[in-house]
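Please keep the sequence and the structure in view while reading.

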Amino acid sequence: MTTIKKLTTPLTYDQIKNLRAGDQVSITGVIYSARDAAHKNMVDALKENHPLPIDLEGQVIYYAGPTPAKPGKVIGSCGPTTSGRMDAFSPEMMEQGLKGMIGKGPRSKAVIESMKKNGAVYFAAIGGAAALIADTIKKVDIVAYEELGPEAIRRMEVTDYPCIVAVDSEGNDLYQIGVEKYRVID
């Protein structure tokens, strides 16, 4: 039987150091959604010595642009976008205290090195399960960059949001480990 590790946000050093690539986790607490346009705005704000619209210390950013909510729901479909689109911005976000990122697909070497340096973790969301993921989101508020529409930063309260540790704080990368495990050499 697989053990699912329960995490609460904001993430702490003790939570992060005990996670390993391949661990199944469920997250409860506040996470933020932000995609590439919001990340660019945040990096630009830092370059201009302006404060960020959210305090990133210990926080988790979910790389998603949700669809509008249907009647009776707090959010529409909310699946992950390709994380590589945020790679140019992620090291700077981790320097500001970001401890978790949720998305899909592998990360660059520079992002993984920054994760090791800053004690952060990358979670893979369950692809194709956007409606299921949306059911774990209990409350949503736009907190910054409303003009970006679906790419605005949203504060989302989640309960038992399911994901997998794709890259742990030591740099162990499930995308590499998984390939090596099943590689056949003739």
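**Confidence of the model**

Within this protein, helix α4 (residues 109-118) has the highest confidence, at a mean of 98, whereas helix α6 (residues 174-182) has the lowest, at a mean of 75. The model is predicted, and across the protein the pLDDT averages 92, with 93% of the residues scoring at least 70. Where pLDDT is low, the predicted coordinates should not be read in detail.

**Helix α2**

- Helix α2, which runs over residues 36-47, contains 12 residues and spans 16 Å from its first C-alpha to its last, close to the 16 Å expected at 1.5 Å a residue.
- The buried residues of α2 are A38, H39, M42, V43, A45 and L46; viewed down the axis of α2, these buried residues fall within an arc of 155°, so they line one face of the helix.
- The elements that cover the buried residues of α2 include β3 (60-62), α3 (90-95) and β7 (153-167).
- After α2 comes N49, which has a positive phi, near 60°.

**Helix α4**

- In α4, the residues V111, I112, S114, M115 and N118 are buried, and they cover an arc of only 160° around the axis, which puts them on the same side of α4.
- The buried residues of α4 pack against α3, β4 (100-103), β5 (121-125) and β7, while the face turned away from this buried side carries the exposed residues K109, A110 and K117.
- G119 follows α4 and has a positive phi, near 65°.

**Aromatic rings**

- The structure holds one aromatic pair, in which the ring centres of Y62 and Y161 lie 5.4 Å apart with their planes at 70°, so the pair counts as edge-to-face.

**Individual residues and their contacts**

- S83, which is found in the loop between β3 and α3, is buried, with a relative accessible area of 0%.
- S33, located in strand β2 (residues 24-33), counts as buried at 0% relative accessibility.
- Residues up to four places away in sequence not counted, S33 touches Y62, A64, A152, I153, R154 and M156; one of these, Y62, is a member of the aromatic pair with Y161.
- R155 has its place in strand β7 and counts as partly exposed, at 26% relative accessibility.
- With neighbours within four places in sequence left aside, the contacts of R155 are V30, I31, Y32, K139, V140, D141 and V143.
- The C-alpha atom of R155 is separated by 16 Å from that of G103, a residue 52 places away along the chain.

Note on methods
Residues are numbered from 1 along each chain as its sequence is written. This is a predicted model: local features need pLDDT of at least 70, side-chain atom pairs count only at pLDDT 80 or more; totals for chains, interfaces and linings use all residues. Side-chain values use heavy atoms; hydrogens and water are left out. pLDDT is the predictor's confidence in each residue, from 0 to 100. Helices (H or I, at least four residues) and strands (E, at least two) are DSSP runs, numbered from the N terminus. The expected span of a helix is 1.5 Å times one less than its number of residues. Buried means under 20% relative accessible area, exposed over 50%, partly exposed in between (1.4 Å probe, protein chains only). The arc is that of the directions from the helix axis to the C-beta atoms. Contact means heavy atoms within 4.5 Å. Rings of Phe, Tyr and Trp (its six-membered ring) pair if their centres lie within 6.5 Å; planes under 30 degrees apart count as stacked, over 60 as edge-to-face and the rest as tilted.
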